[in-house]
Amino acid sequence: MSDSSAVLSIRELVKVYDFVPVLRQLDLDVAQSDCVALLGPNGSGKSTLLRLIAGLIKPSSGTIEIGGWQMPKEAAAVRAQIGMVSHQSLLYGNLTARENLVFFARMYDLPKSERDDRIAALLEQVGLSRRAESLVRTFSRGMQQRLSIARALLHSPHVLLFDEPYSGLDQDAAAMLDEVILRTHQDGQTMMISTHLLERAQRVATRVMILNRGRVVLDQSAAAIAEHQLASVYARAIADNGVVKDSTPASPVTEPAS
Amino acid sequence: MKTGFWQVTFAVLRKDMLAEMRSRELLSVMGLFALLSVIIFSFALELDREARETAISGVIWVTVAFASIIGLNRSMNSEREQGNFDALLLAPVDRSALFLGKFLGNFLVVLLVGLVLLPLGTLLYNITLIQPWVLLILVLGIFGLSSIGTLLAAMTAQTRARDALLSIAMLPIVLPVLLAAVRATTSIISNEPIENWITWPQILLVVDLIYLVLCFFTFGFVIEE
């Protein structure tokens, strides 16, 4: 049974690529307004998990439920509840920022009457109002990531997924992206962010989840981890591979250690 | 919950046309290739006027086929480069609508190149190519090339050797289209009676419909894992 208050509910999720299990019997509930930082070494299954939630790939077994809709049975309904920001911009370089957003607004069937106001508000939110008519290929990587967030928020998704959003950003651009993420989270947006940057994860997240070899090895409230301690918690979790015990988990680690 | 089929189709078509009008990336590369190809063939066949007359339809269709391969590759790569195809797949849309939008965009661009080739061929080979029946064959032939080409380009875009793979995969499959188009064009410009060649456009029409239906229903499986 899924937690009834959860926006996102995952049960016994398994993903196997060419006989190699990437995710093993994963259970997870994400509550409304949670900001979950998904950490783990390369190949731990972070991106696979996000792509499964987004419906870009199909699970080998298990269920994913978002806003009461089940994947893959009700894939279109689930997709309407998801926004995704990837390390790639997912934008068209030969279109302007506004044209990109208009195109995706059409793809998400945003009513024409609301479209212009929504696009203007989002461009304002990500600080790109002045560059609305500029071609995206002229944007810096940081600006493209901010526009990506506007694209992902266009249809007011229940859950916003970030897959390595800081990849390729310099310190200033990453700080600016942090600001946009924090502001978006303050508006009550539920989020999951996969990253390797532990400090950034701790700054923006309300909950920290560490994956290793396809299993959740730590799931804890970000507030419960003392400042500057995340690195040692992370190292311990990866070394112990699933035997981390903590008195203040945000939600139980449902995956038993193998 | 899904976005309307035609809304998605026309949104994709409009986006592709807008991007192409701005960058002219496809038209310039395909157009230049077509121009060079026709000129080189014209020089190669210059000494033998009779051979030139019989070879013109082959020259035109080989040029159109290779130009379309170049265009299809670039068109699908532009979707892959920034992960844009993922953005399309994230939307609650019918995958067939995405296919139709991409196909119509590719069809229009290749058709434009084909339409430029006709007066160019007329000028260089001194044979009247601008005829209503030749135009119809051009539309039907390019329709078939673009539909199966869009599907194959979506498949090969996910591979490393995509440029070579598309040619290798596409040319054998479009053989019926090329064969029917070349035979029909040759007969039309030789002023043969219509009953001698009307079967070829009919074959083209049937092959086009089979390709379209096949691609329409399989595109979703091809682009998803």
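This note goes through the predicted two-chain model point by point.

1. **Ground rules.** Residues are numbered from 1 along each chain as its sequence is written, and chains are lettered from A, ligands numbered from 1, in the order in which they are written. The model is predicted: local features need pLDDT of at least 70, side-chain atom pairs count only at pLDDT 80 or more, and totals for chains, interfaces and linings use all residues.

2. **Confidence in chain A.** pLDDT is the predictor's confidence in each residue, from 0 to 100. Its mean over chain A is 85. In that chain, 90% of residues reach 70 or more. Among the elements of chain A, helix α3 (residues 97-107) has the highest mean pLDDT, 96. Helix α8 (residues 230-240) has the lowest, 79. Helices (H or I, at least four residues) and strands (E, at least two) are DSSP runs, numbered from the N terminus.

3. **A stretch to treat with care.** Residues 243-258 of chain A stay under 50 in pLDDT. The model still gives this stretch 29 contacts beyond four places in sequence. Two residues are in contact if their C-beta atoms, placed from the backbone, lie within 7 Å. Where pLDDT is low, the predicted coordinates should not be read in detail.

4. **Chain A overall.** Chain A has eight helices and ten strands. Its C-alpha atoms fill a box of roughly 55 × 40 × 35 Å along the principal axes. The radius of gyration is 18 Å, which agrees with the value near 18 Å for a compact globule of 258 residues. That radius is taken over C-alpha atoms, and the globule rule is 2.2 Å times the number of residues to the power 0.38. Of the 258 residues, 50% count as buried. Buried means 20 or more other C-beta atoms within 10 Å of the residue's own; exposed means 12 or fewer, and partly exposed is in between, with C-beta atoms placed from the backbone. Among contacts in chain A between residues at least 6 apart in sequence, 69% join residues at least 24 apart.

5. **Domains of chain A.** The assignment gives domain 1 (1-81 + 157-258) and domain 2 (91-156). Such bounds come from an automatic or database domain assignment. Twelve residues of domain 1 of chain A are in contact with twelve of domain 2 of chain A. On the domain 1 side, helix α6 (residues 171-186) of chain A gives the most, with six residues. By class, that side has nine nonpolar, two polar and one charged residues. Ala, Val, Leu, Ile, Met, Phe, Trp, Tyr, Cys and Pro count as nonpolar, Asp, Glu, Lys and Arg as charged, and the others, Gly among them, as polar.

6. **Strand β1 of chain A.** Strand β1 (residues 6-17) holds E12(A). E12(A) is not a glycine, yet its phi is positive, near 50°. E12(A) counts as partly exposed because it has 13 C-beta neighbours inside 10 Å. V14(A) is also partly exposed, with 16 other C-beta atoms within 10 Å. V14(A) and S61(A) are 47 residues apart in sequence, but their C-alpha atoms are 5.2 Å apart. Beyond four places in sequence, the contacts of V14(A) include P21(A), L23(A), P59(A) and S61(A).

7. **A backbone check at L90(A).** L90(A) has a positive phi, near 55°, in a residue other than glycine. It sits in the loop between β6 (82-85) and α3 of chain A. L90(A) is buried, since 23 other C-beta atoms lie within 10 Å.

8. **Chain B overall.** Chain B has ten helices and zero strands. Its C-alpha trace spans about 60 × 35 × 30 Å along the principal axes. The radius of gyration is 18 Å; a compact globule of 225 residues would have a value near 17 Å, so the two agree. Buried residues make up 45% of chain B. Of its contacts between residues at least 6 apart in sequence, 83% join residues at least 24 apart.

9. **Helix α5 of chain B.** This helix (residues 95-125) has 31 residues and should span 45 Å at 1.5 Å a residue; its end C-alpha atoms are 43 Å apart, which agrees. The expected span is 1.5 Å times one less than the number of residues. N126(B) follows α5(B) and has a positive phi, near 55°.

10. **The interface.** In chain B, 23 residues are in contact with 25 residues of chain A. On the chain B side, α1 (5-23) and α4 (84-90) each supply at least two residues. α1(B) gives the most, with eight. By class, the chain B side has eleven nonpolar, seven polar and five charged residues.
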